[in-house]
Amino acid sequence: DGPLNNGLPDDGPLNNGLPDDGPPDNRKSLDIQILAGIGIWLDIRILPAFHILPLIGPDRHRTGRQSCRNTVWSRAAETPPGTGWIRERGAMDKAIVKSNLLLLLAAFFWGTTFVAQRIGMDALGPLAFTGIRFSLGTLVLIPFLFRRRRRRGNLARRWSLAGMALAGLVLCLGINLQQFGLVYTTAANAAFITSLYVVIVPFLGLLLGHVPGPGGWLGALVAVVGLYFLSVPRGLSLAPGDGLVLLSAVVWAVHVIVIAWLSPRMDSYVLAAGQFSVCAVVSLAGALLFEPIPLAGVAAAAIPLLYGGLLSVGAGFTLQVVAQRRSPPTHVAVIMSLEAVFGAVGGWLVLREILSGRQILGCVLMLAGVLVTQLWQPRLRSPASEVPAGVDPYSSASAPV
């Protein structure tokens, strides 16, 4: 047993009936390399075609639909009468399709990262894996910070340091609860249970005076029934790993509310880099105190770390920020919900995780609950000064990475 398995036995009830494969074999290592290769290929082939960097401009409070309309209307004056509306609609549709594809790629990165998280912990402890992963993600955002600083000058304010620290601490708690939960549960269970933060957010909004609509109550009921079928195979006891991931979903919901308050008040890239760096420092400090960080373990987990840090944290966040300017909220809700599906498929392909019929029913119900909560929403009556145009602070706009 040694330090690399976090002090856990190699058998017993904590593996949820999964076969004990021992150390990571060549097949599992090959699978994660293939998965990383697919992600990098998609990054290289798709992002340049969509011209990501020009879209990262200073005017982040303008919605993508407004920006697209202004561009098209300026050209419509040069077109013959009767053809301007057609060109405008065509340009908007093309922009929305591109944005939806970028969101789908982000959901793929986030969902399959559950697989990388499980494989990485064969060689590293949860805190060490999280600290190194978010350090890599922070490095990805540094070029964007320099680019935006040249356009807008000093991006950070003194008071914003407290906001970044708060967001980073909440992020650190949520991701590490999820990481520890993955020691005891499957990637599929973790992916679907994490998606419940979407259902939890409207109920936390009660503390701020926002009463959930019918969709919120119905979605929560359906999701709870799905959680029962997924995580309570017998009796009324929740599996230990699933319980930790459920707690992380509650923390993710708190994180969404924190980000919803902070994002209109400071630059999104500064906020992201700040919270990622805080999460990395706190996690690494905890790892130095409670976990060994062997160099051999870091080398063995290199591919999962790179996948989780560069593609999930770095590229995934960038794709989300760019794409949500143009995608309608309903499109965002449906596409981001596919993160759980990608997590389950990745667990089946790479980790050979098999769900029973009862668990598949639970996954379907939980996904339905998330979609009902997102798609059946009352209009928020918040002051215009607090919520920027086109932003719904209780949607999946601040999905966990």
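Begin by selecting Phe109, Phe134, Leu141 and Tyr197, which have the most contacts inside the largest nonpolar core, a set of 65 residues. A nonpolar core here is a set of buried Ala, Val, Leu, Ile, Met, Phe, Trp, Tyr and Cys residues joined through side-chain atoms within 4.5 Å, where buried means under 20% relative accessible area, exposed means over 50% and partly exposed lies in between (1.4 Å probe, protein chains only). Next, colour helix 4 (residues 84–120), from which the largest share of this core, 11 residues, comes. Apart from this core lies another, of 10 residues, among them Leu124, Ala128, Ile132 and Ala301. In soluble globular proteins, nonpolar side chains tend to be buried together.

Before going further, keep in mind that this is a predicted model, in which local features need pLDDT of at least 70, side-chain atom pairs count only at pLDDT 80 or more, and totals for chains, interfaces and linings use all residues. Residues are numbered from 1 along each chain as its sequence is written, and side-chain values use heavy atoms, with hydrogens and water left out.

Now select helix 8 (residues 197–204), where 6 of the 8 residues are buried; these are Tyr197, Val198, Val199, Ile200, Val201 and Pro202. The protein has 15 helices and 0 strands, counted as DSSP runs numbered from the N terminus (helices H or I, at least four residues; strands E, at least two).

Return to the surface and select Val97, Leu101, Leu104 and Leu338, which form a nonpolar patch with about 290 Å² of accessible area together. Areas come from the Shrake-Rupley method with a 1.4 Å probe, and for residues only the protein chains shown count as cover. Val97 is found in helix 4 and is partly exposed, with a relative accessible area of 47%.

Finally, colour by pLDDT, the predictor's confidence in each residue, from 0 to 100. The protein averages 75, and 67% of the residues score at least 70. Over residues 1–24 the pLDDT is below 50, and over residues 46–88 pLDDT stays under 50.

Notes: Contact = heavy atoms within 4.5 Å. Patch = residues over 30% accessible without salt bridge, like charges linked within 9 Å, V, L, I, M, F, W, Y side chains within 5 Å. Salt bridge = Lys/Arg side-chain N within 4 Å of Asp/Glu carboxyl O.
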